Amino acid sequence: MTSPAAAGNIADRIRQVKKELPASVRLIAVTKKFPAAVVRMAYEAGIRDFGESQVQEAEQKQAELADLADITWHLIGHLQSNKARKAIAQFQWIHSIDSLKLAQRLDQIAAELGRSPQCCLQVKLAPDPAKYGFTLPELMQALSALNQLRHLQMVGLMTIPPYGLPAAETQAIFDQLRQLQADINQQKHSQLQIKQLSMGMSGDYPLAIAAGATMIRLGTQLFGSRTL
Ligand SMILES: *Cc1c(COP(=O)(O)O)cnc(C)c1O
């Protein structure tokens, strides 16, 4: 854990970012590797959407923050099957659905728990050994089966461009995700009405917004570096 930026500093950064955001873009504050106290500071500065990468790390913070009842928690990291039940119980949004098998498992658990989380399908649009996600052909092939799921609200697409790409290539990936949204919606699967594009992190969010992002996920930009 890094030592968090001071509260005033965090509030200033949040204000600064919000000032630039079109009203159509939802800001998700990514608090992975930052303690619950930092979540609380961001909450006091008006943030209600928080992103965490790991179920277990989130669980501890959520317990400490149980008094903040109107937080919406977003799972943004790869989810292992054995954490699926906790993920459904703890998160209102899951941005990182990266396989049909995971989607089917989550759907089954959501049914059991009487939940209906909002979900994004994570798509890998450029080769990247470090990133999870459906490849484009995998996703197109899975659409009919995904359309059978009744307990997940499949409302979005999410992508993470490979780290360090030139801006033009990053922009092209974001444009591709928006095009994919149009392609999927055109197929008129009743359960796959894609309204959200979850794309854009600290290093690239202006490009993502220009390409039509509706949700951006910012950590470093709001809270400083996670690395010591
Ligand atoms: C860590 C993380 C972010 C935030 O990254 P920053 O570069 O710190 O803004 C966004 N999305 C995902 C999936 C992440 O894992």
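This is a predicted model: local features need pLDDT of at least 70, side-chain atom pairs count only at pLDDT 80 or more; totals for chains, interfaces and linings use all residues.
## Ground rules

A residue is called buried when its relative accessible area is under 20%, exposed when over 50%, and partly exposed in between, using a 1.4 Å probe and protein chains only.

Residues are numbered from 1 along each chain as its sequence is written, and side-chain values use heavy atoms, with hydrogens and water left out.

## The annotated domain

An unreviewed UniProt entry carries the annotation "domain: Alanine racemase N-terminal" for residues 9–226. UniProt positions are given here in the numbering used for this model, feature names are shortened, and annotations may be inferred rather than shown by experiment. Helices (H or I, at least four residues) and strands (E, at least two) are DSSP runs, numbered from the N terminus.

## Nonpolar cores

A nonpolar core is a set of buried Ala, Val, Leu, Ile, Met, Phe, Trp, Tyr and Cys residues joined through side-chain atoms within 4.5 Å. The largest one has 66 residues, and those with the most contacts inside it are Leu139, Leu146, Met154 and Leu157. Apart from it lies another core, of 6 residues, with Ile28, Trp93, Cys120 and Met158 among them.

## Aromatic pairs and a charge over a ring

Rings of Phe, Tyr and Trp (its six-membered ring) pair if their centres lie within 6.5 Å; planes under 30 degrees apart count as stacked, over 60 as edge-to-face and the rest as tilted. By this rule there are 2 aromatic pairs. In one of them, Phe34 and Phe223 are tilted, at 5.7 Å centre to centre and 50° between the planes. Phe34 belongs to the loop between β1 (26–30) and α2 (36–44) and Phe223 to helix α9 (residues 220–223), so this pair ties together parts that are 189 residues apart in sequence. Phe34, at 1% relative accessibility, counts as buried.

Phe50 and Trp73 have ring centres 5.9 Å apart and planes at 40°, so this pair is tilted. It links distant parts of the chain, with Phe50 in strand β2 (residues 49–52) and Trp73 in strand β3 (residues 72–75), 23 residues apart. Both Phe50 and Trp73 are buried.

A charge sits over a ring if NZ of Lys or CZ of Arg is within 6 Å of the ring centre and within 35 degrees of the ring normal. Arg48 does this with Tyr43: its charged end sits over the ring, 3.5 Å from the centre.

The unreviewed UniProt entry marks Lys32 with "modified residue: N6-(pyridoxal phosphate)lysine". Lys32 is in the loop between β1 and α2. Not counting residues up to four places away in sequence, Lys32 touches Gly51, Glu52, Ser53, Glu57, Lys61 and Arg226.

Lys33 is in the loop between β1 and α2. Although Lys33 is not a glycine, it has a positive phi of about 70°. Its relative accessible area is 47%, so Lys33 is partly exposed.

## Cysteines

How many disulfides are there? The count is 0, where a disulfide is a pair of cysteine sulfur atoms within 2.5 Å. The closest cysteine sulfur to that of Cys119 is in Cys120, 7.6 Å away, which is too far for a bond. Cys119 counts as buried at 0% relative accessibility, and Cys120 is likewise buried at 0%.

Lys188 is found in the loop between α7 (167–186) and β7 (196–198). Its phi is near 55°, a positive value in a residue other than glycine. Lys188 is exposed, with a relative accessible area of 70%.

Gly212 is in the loop between α8 (205–210) and β8 (215–218) and is partly exposed at 31% relative accessible area. Gly212 touches Arg178, Leu197 and Met199, not counting residues up to four places away in sequence. Ser198 is 14 residues from Gly212 in sequence and 9.5 Å from it in space, C-alpha to C-alpha.

Conventions: Contact means heavy atoms within 4.5 Å.
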